Amino acid sequence: MSWFKREKREDEKLPKVENGERRVKTEGLWQKCEGCRQIIWKKELAANWNVCPKCGSHSQIDAITRIKLLLDDGVFHRFDDNLRSSDPLEFVDKKPYRTRLQEQEQSTGLSEALVAAEGRLEGRPVQLCSMEPHFIGGSMGCVVGEKIARAIERSIERHSPLVIVSASGGARMQEGAVSLMQMAKISAALMRLDEARLPYISVLTDPTTGGV
């Protein structure tokens with residue numbers, strides 16, 4: 001009986017809360033490389049622009065990181081962050097489309113699946129659009145199409161090149177034909193850019209599928 005009490009007192013002295021805190025603090029700090037399958041500290045991976053320091057395999061990067069990587073000193077100005085989808089079809093699958101948009105906005109910190117920015121690349125002013133694969137798969141809806149169209153207009157107005165970094169699963173099914181119409185709108189705008197004899201550079205990244 002005395003032995004049991006002694007063990008109980010020692011057990012009470014164990015830092016249960018601290019152990020729990022340590023587990024929480026280390027959760028999500030590591031990532032498995034898809035190339036060599038090694039476990040890598042996320043900060044080390046981020047410092048190397050998401051390129052595995054062990055095997056050189058490239059992991060996906062978010063839209064903002066892509067912009068910082070491309071533009072001089074990572075300095076840029078964002079446009080049209082206030083644009084949000086109005087859910088034109090009032091679409092519902094497993095959950096209402098409006099709810100899905102709100103959840104994606106909270107998890108990514110973005111209002112849509114594309115960031116439109118302006119900065120300098122090797123000293124030259126450029127318009128840059130970078131898609132966010134973690135926002136409903138980087139799918140193209142009416143807002144993504146509008147942001148790209150406005151970026152093209154700015155390129156023509158300011159006589160600067162346009163760079164679009166694609167990371168998309170295709171058209172956004174929750175917006176139906178409205179999303180498909182964005183392809184035609186962007187193609188028409190790019191024709192005007194071509195007529196203005198301004199460079200358009202399309203950069204395909206992982207993942208990019210479909211007509212995007």
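Because it is a prediction, local features need pLDDT of at least 70 and side-chain atom pairs count only at pLDDT 80 or more, while totals for chains, interfaces and linings use all residues. Residues are numbered from 1 along each chain as its sequence is written, and side-chain values use heavy atoms, with hydrogens and water left out.

**The overall picture**

The chain comes to 7 helices and 7 strands, where helices (H or I, at least four residues) and strands (E, at least two) are DSSP runs numbered from the N terminus. Reading from that end, the order is α-α-β-β-α-α-β-α-β-β-α-β-α-β. Of the 212 residues, 36% are buried; here buried means under 20% relative accessible area, exposed over 50%, and partly exposed in between, with a 1.4 Å probe and protein chains only. Take the contacts (heavy atoms within 4.5 Å) with a separation of 6 or more: 68% of them link residues 24 or more positions apart.

An open sheet of 5 strands has the order 3-4-5-6-7, with mixed pairing. Strand 3 (76-79) and strand 7 (200-204) sit at the edges with a single partner strand each, so one side of each has no neighbour in the sheet. The twist averages 25 degrees from one strand to the next, using axes that are lines fitted to C-alpha atoms (for helices, over the stretch in contact) and angles from 0 to 180 degrees between N-to-C directions.

| Strands | Sense | Bridges | Facing residues |
|---|---|---|---|
| 4 and 5 | antiparallel | 8 bridges | R120 and P125 |
| 5 and 6 | parallel | 4 bridges | S130 and V165 |

Strand 5 (residues 124-131) is mostly covered, with 6 of its 8 residues buried. Strand 4 and strand 5 form a hairpin with 2 residues between them, and E122 in that turn has a positive phi of about 55 degrees. Further along, strand 5, helix 6 (residues 142-158) and strand 6 make a right-handed β-α-β unit; right-handed means that, with the strands pointing away from the viewer, the path from the first strand over the helix to the second runs clockwise. Helix 4 (residues 63-70) lies across strands 3, 4, 5 and 6, running at about 160 degrees to strand 5.

**Side chains and loops**

The charged end of R154 sits over the ring of F79, 3.9 Å from its centre. That label requires NZ of Lys or CZ of Arg within 6 Å of the ring centre and within 35 degrees of the ring normal.

Q174 belongs to the loop between strand 6 and helix 7 (176-195). Its 5% relative accessibility is why Q174 counts as buried. Leaving aside residues up to four places away in sequence, Q174 touches L89, F91, D93, Y97, R100 and I136.

Now for the backbone: most residues other than glycine have a negative phi, and most peptide bonds are trans. W49, not a glycine, has a positive phi of about 55 degrees. This residue is in the loop between helix 3 (42-47) and helix 4 and, at 39% relative accessibility, counts as partly exposed. H159 likewise has a positive phi of about 55 degrees without being a glycine. H159 is found between helix 6 and strand 6, and at 55% relative accessibility it counts as exposed. Finally, a cis peptide bond joins D206 and P207, with omega about 0 degrees; P207 lies in the segment after strand 7.

Key: Pairing = 2+ DSSP bridges.
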